[in-house]
Amino acid sequence: MSSMNKGNGLRIEPIDQSEDIIQAFDCVCEAFGRQAQDGVWIAMTPGWETSAGRSLGAARMVGRWRDITKDKNGKPNTIFLKATLPSPQQENKRIIAGFAIWVQASSVAGFGDPAVKEEELCDVMNLEEIYPGNKAEQRYLCQTVASLHRQRAEVIKAKSTADPPAVMILDLCAVDPTHQRKGIARALVQWGLDEAQRRGDLEAITEASAMGRHVYGQMGFVPQGSEIEYLVDEEFASRSRPSNIFMRTRGSLA
Ligand SMILES: CC(C)(COP(=O)(O)OP(=O)(O)OC[C@H]1O[C@@H](n2cnc3c(N)ncnc32)[C@H](O)[C@@H]1OP(=O)(O)O)[C@@H](O)C(=O)NCCC(=O)NCCS
């Protein structure tokens, strides 16, 4: 797996130890929780602003990292990427300033992880663990995530006849607000685009937040359709949900 250095000492590398996920999770909390106040991410990470809630969220992410599957070539279907900078305080130490998750997905066995069906979301996201006994909250999250991922699921299905029958999904990208606008997201995205190329010239897709779309639009991603519509029950209608648009690198070609 590759890494790269930039003028400011930025390095992009796949994560290979759980301690890094725990540190990276702090970037995610600061970016999605404190800065963007992303309603869907916050619903998925209750208590993120407390140390207990943060530890639980980080532990769930470590669990996801431990459960990574491989494709038929032995490549991981999910890559947790860290962006590190030299620590200003400690010589020879590095800090995690950004984090991304890339997923190779496919509806054909051996070519990537399949799209998750709405009825499976509750189990896959461990919602009983996040909201024990709270069926309404679990239902809300299933509805929002299913809405958010509707177009990605359609593309995964459409790619079943492509060669290879897979896509690379930018599943998450977050940069610590104190290190934004230094080209870190651009480097995390470029790593994934290069990896997609190495894996057989795969198309890349993502759901882009109001902040993220500025970066992705400069890197070959094109918006598809208008704002993603969240189909949720009436009782949840007034909740705040983030603006997202679906973007892909090859327009409408399957
Ligand atoms: C979106 C995010 C990942 C961007 O990270 P970043 O490291 O600051 O982005 P980069 O420095 O690589 O930006 C590259 C270019 O994209 C554009 N860009 C990035 N963030 C922007 C913003 N908030 N507004 C307008 N343009 C922006 C700029 O052109 C920038 O180049 P410049 O700084 O030289 O002008 C970061 O703001 C973040 O974590 N936001 C909160 C969580 C989130 O929304 N994540 C994305 C989910 S899809």
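**Reading the ligand shell and the fold around it**

Analyst: At least two residues of the shell around the ligand come from each of helix 1 (18-35), strand 4 (167-175), helix 8 (184-198), strand 5 (203-209) and helix 9 (212-217). Helices (H or I, at least four residues) and strands (E, at least two) are DSSP runs, numbered from the N terminus. The model is predicted: local features need pLDDT of at least 70, side-chain atom pairs count only at pLDDT 80 or more, and totals for chains, interfaces and linings use all residues. Residues are numbered from 1 along each chain as its sequence is written.

User: How many residues surround the ligand, and which are the closest?

Analyst: A residue is near a molecule or strand if its C-beta atom, placed from the backbone, lies within 6 Å of it. Here 22 residues surround the ligand, with Q180, A185, R186, G212 and H214 the closest. The shell has 11 nonpolar, eight polar and three charged residues. In this classification Ala, Val, Leu, Ile, Met, Phe, Trp, Tyr, Cys and Pro are nonpolar, Asp, Glu, Lys and Arg are charged, and the others, Gly among them, are polar.

User: At what angle do the axes of helix 1 and helix 3 cross?

Analyst: Two packed helices are described by the angle between their axes and the distance between the axes. Axes are lines fitted to C-alpha atoms, for helices over the stretch in contact, and angles run from 0 to 180 degrees between N-to-C directions. The axes of helix 1 and helix 3 (residues 51-66) cross at roughly 125 degrees and come within 9 Å. Helix 1 is therefore oblique to helix 3; angles under 35 degrees count as roughly parallel, over 145 as roughly antiparallel, 65 to 115 as roughly perpendicular and the rest as oblique.

User: Which residues make the contact?

Analyst: Two residues are in contact if their C-beta atoms, placed from the backbone, lie within 7 Å. Helix 1 contributes S18, I21, I22, F25 and C29, while helix 3 contributes R54, G57, A58, M61, V62 and W65. By class, this contact of helix 1 with helix 3 has eight nonpolar, two polar and one charged residues.

User: Is S18 buried, exposed or partly exposed, and why?

Analyst: A residue is buried if 20 or more other C-beta atoms lie within 10 Å of its own, exposed if 12 or fewer, and partly exposed in between, with C-beta atoms placed from the backbone. S18 counts as partly exposed because it has 14 C-beta neighbours inside 10 Å. Leaving aside residues up to four places away in sequence, S18 touches V62 and W65.

User: Is I245 buried or exposed?

Analyst: I245, in strand 7 (residues 244-248), is buried because 21 other C-beta atoms lie within 10 Å. Not counting residues up to four places away in sequence, I245 touches A208, R213, P223, E227 and I228.

User: Which backbone features deserve mention?

Analyst: Most residues other than glycine have a negative phi, and most peptide bonds are trans. N126, although not a glycine, has a positive phi of about 55 degrees. N126 lies in the loop between helix 4 (118-124) and helix 5 (127-130) and is exposed, with 12 other C-beta atoms within 10 Å. R181 also has a positive phi, near 65 degrees; R181 is in the loop between strand 4 and helix 8 and is exposed, with 8 other C-beta atoms within 10 Å.

User: Where is the cis peptide bond?

Analyst: The cis peptide bond joins D163 and P164, with omega about -5 degrees. P164 is found in the loop between helix 7 (150-158) and strand 4.
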